[in-house]
There are 2 protein chains.
Amino acid sequence: MRGTVLYAPGDVRSEIVADPTLKEPTDAIIRTVVACVCGSDLWPYRGANELKRPMAMGHEYVGVVEEVGSDVRGIRPGQYVIGSFFASDNTCPNCVAGYQSACVNVRSVYGCQAEFARIPQADGTLVALADAPDAERLPSLLAASDVLGTGWYAAVAGGVEPGVTALVVGDGAVGLCGVIAAKELGAERIVVMSRNPARQQLAREFGATDIVEERGDDGVAVVRELTGGIGAGAVLECVGTGESMRQALHSGRPGAMVGIVGVPHGVEISGDDLFRTHVGVQGGPAPVRRFLPDLIDRVLTGRIDPGRVFDLTLPLAEVSQAYQAMDERRSIKALLQP
Amino acid sequence: MRGTVLYAPGDVRSEIVADPTLKEPTDAIIRTVVACVCGSDLWPYRGANELKRPMAMGHEYVGVVEEVGSDVRGIRPGQYVIGSFFASDNTCPNCVAGYQSACVNVRSVYGCQAEFARIPQADGTLVALADAPDAERLPSLLAASDVLGTGWYAAVAGGVEPGVTALVVGDGAVGLCGVIAAKELGAERIVVMSRNPARQQLAREFGATDIVEERGDDGVAVVRELTGGIGAGAVLECVGTGESMRQALHSGRPGAMVGIVGVPHGVEISGDDLFRTHVGVQGGPAPVRRFLPDLIDRVLTGRIDPGRVFDLTLPLAEVSQAYQAMDERRSIKALLQP
């Protein structure tokens, strides 16, 4: 089948690889209907993570079940399914508490920028749709499998509740989906930090009420000005750098939380900053599975359209162009058609 | 009047100083009925904070109002009052949100290890009792003015709720009051990290169900073992060192919060640790004023007895011995009688 392999920083290739097979009796094999490139795929692509061996890329998917292992009970061939980038049993104490990304039997999902993929712990990981979805819903369902679920978690961990002023740090696909989440969860005002006109525009269409172009202390000052000197009541940190974290912390009002979903790269948070601001921090790899049924429902009823973050669609064979476009920030997020 | 002045690390003196006077029309002057030494007083006493000039010590108090400024409306001479170490107007947006320690007009209270003290913003800061309290309640009311309110905030910020397993890091007066708070807020199991037999005993009497003597990774391992491998559901960090913070973070279950109330001294929190553990952090100088009416009520009805953290009582004139005893950990907390 056709798959995607990263060999070295900047060297990602579409090539013919072995078909995935059932390895454990809890596995499923899916035929991918749509896949995409994630912002986090850019870390190894840019050389920020060490690459020990060639890496089968891709962890976002909408698929049709081809085959299931002998222990799979709830998922069956022919179903349209969506899952998250972490496979989880959905029954352990962490899963039951809503932290499926910390499942005691957590497994990574990989190799989904391909025609077929193996999904571990299919019963716990996959959510099946009742019917084949309309083609126009596919991008939004695909977004639910990662960026929407991640933005949603940023909003939940950031404590968005009705009437709050939410601040979204980051205008990537996750930040933009965070705007959707903040709006759906009832934020009255949604401030987005962005310098990119196209992303600003999409943020506004998703529900942003204010755009802040300034960064660092200047950006913090503008957010404070917008909030009567007090700060934002909920902050979504969707970048993961030291600068974005400081900006997030200093922009929150006392008692606000910062939901962190941008994978931190070398970020140290000053205890003194945390203490003096009374702003809290919580996050991690999003437990997308917790939110998936609700998110799928919001997509299928047409309430939200997160698929609009895909501004580039390419055949799977042209995956390297997708990486390039995202790396150069010419594209927010690229959808791949197998 | 007799007051307490810190001249240099280790050099704290009881001496005759000028009586406090009304400086602002919102001030009150109180006669202190009981005062005490705070764990945070030990930071400058030990030389951990720079001392630019001699410092009038003390910020915990139960007093009787002597005189009020012309703008004070709700507080009047003769009332027994309790307040926090931060004076607050109790009307600004931060106060209304329950963060009086981040009041936009916040003032420090100081010089309470003395016969009289000036309390700024009396209307917002002080809570008056209906009647003169029984002498036996005074230590517990005094505890409410700081250590109990601080331990309570650690429990609230740490997310203690009915049924949870709470972990208390720190066996000082704040940690011990954190045990009281965790119990009152419904924790089913309360694990306390302590190596001191007397403090362990008091912790148990306050409601601790398990004591962990190990520290660092060994301590984390024991907490995990006690919680079925998952971690504590709520963590109270009542120390403020890098080691205690790491221990707190690594002992929480995914989704748990660490309430931090120990003033961080040079603590950096690894973004990677936060991210991988799914454990959140929130805290700061406790908004004691938020909790005071409730805490006073619990004390006056005899429901809780936090005054038991005072294991040394001295006349105000012997304050230097109080500092010494606490510095050498011979005393948990020393009460001063003017």
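Two strands pair if DSSP finds at least two bridges between them. Helices (H or I, at least four residues) and strands (E, at least two) are DSSP runs, numbered from the N terminus.

The model is predicted: local features need pLDDT of at least 70, side-chain atom pairs count only at pLDDT 80 or more, and totals for chains, interfaces and linings use all residues. Residues are numbered from 1 along each chain as its sequence is written, chains are lettered from A and ligands numbered from 1 in the order in which they are written, and side-chain values use heavy atoms, with hydrogens and water left out.

**Exercise 1. Describe the open sheet of chain B that has the order E2-E1-E4.**

Step 1. This sheet of chain B has three strands, with antiparallel pairing.

Step 2. Strand E2 (11–16) and strand E4 (55–56) stand at the edges of the chain B sheet with a single partner strand each, so one side of each has no neighbour in the sheet.

Step 3. Two antiparallel bridges link strand E1 (residues 2–8) of chain B to E4(B). Within this pairing, B:Val5 is opposite B:Ala56 in E4(B).

**Exercise 2. Describe the open sheet of chain A that has the order E2-E1-E4.**

Step 1. Three strands make up this sheet of chain A, and their pairing is antiparallel.

Step 2. Its edge strands are E2 (11–16) and E4 of chain A, each pairing on one side only.

Step 3. Strand E1 (residues 2–8) of chain A runs antiparallel to E2(A), with six bridges between them. A:Leu6 has A:Val12 of E2(A) as its bridge partner.

**Exercise 3. Characterise the contact between chain B and chain A.**

Step 1. Counting contact as heavy atoms within 4.5 Å, 35 residues from chain B and 35 residues from chain A take part.

Step 2. The size of an interface is often given as the accessible area lost when the parts come together. Buried area is the accessible area (1.4 Å probe) that two parts lose on being put together, summed over both. For chain B and chain A this is about 2800 Å², with 66% of it on carbon and sulfur atoms.

Step 3. A polar contact is a pair of N or O atoms within 3.5 Å; within protein, one must be able to donate a hydrogen and the other to accept it, and residues adjacent in sequence count only if both atoms are side-chain atoms. Between chain B and chain A, 14 residue pairs are in polar contact (both at pLDDT 80 or more).

Step 4. On the side of chain B that touches chain A, the largest share, six residues, comes from E15(B).

Step 5. Strand E16 (residues 268–270) of chain A is joined to E16(B) by three bridges, and the two run antiparallel. Here A:Ser270 faces B:Glu268 in E16(B).

**Exercise 4. Locate B:Thr165 and list what it touches.**

Step 1. B:Thr165 belongs to strand E11 (residues 165–169) of chain B.

Step 2. Leaving out residues up to four places away in sequence, B:Thr165 touches B:Arg189, B:Val191, B:Thr227, B:Ala232, B:Gly233 and B:Ala234.
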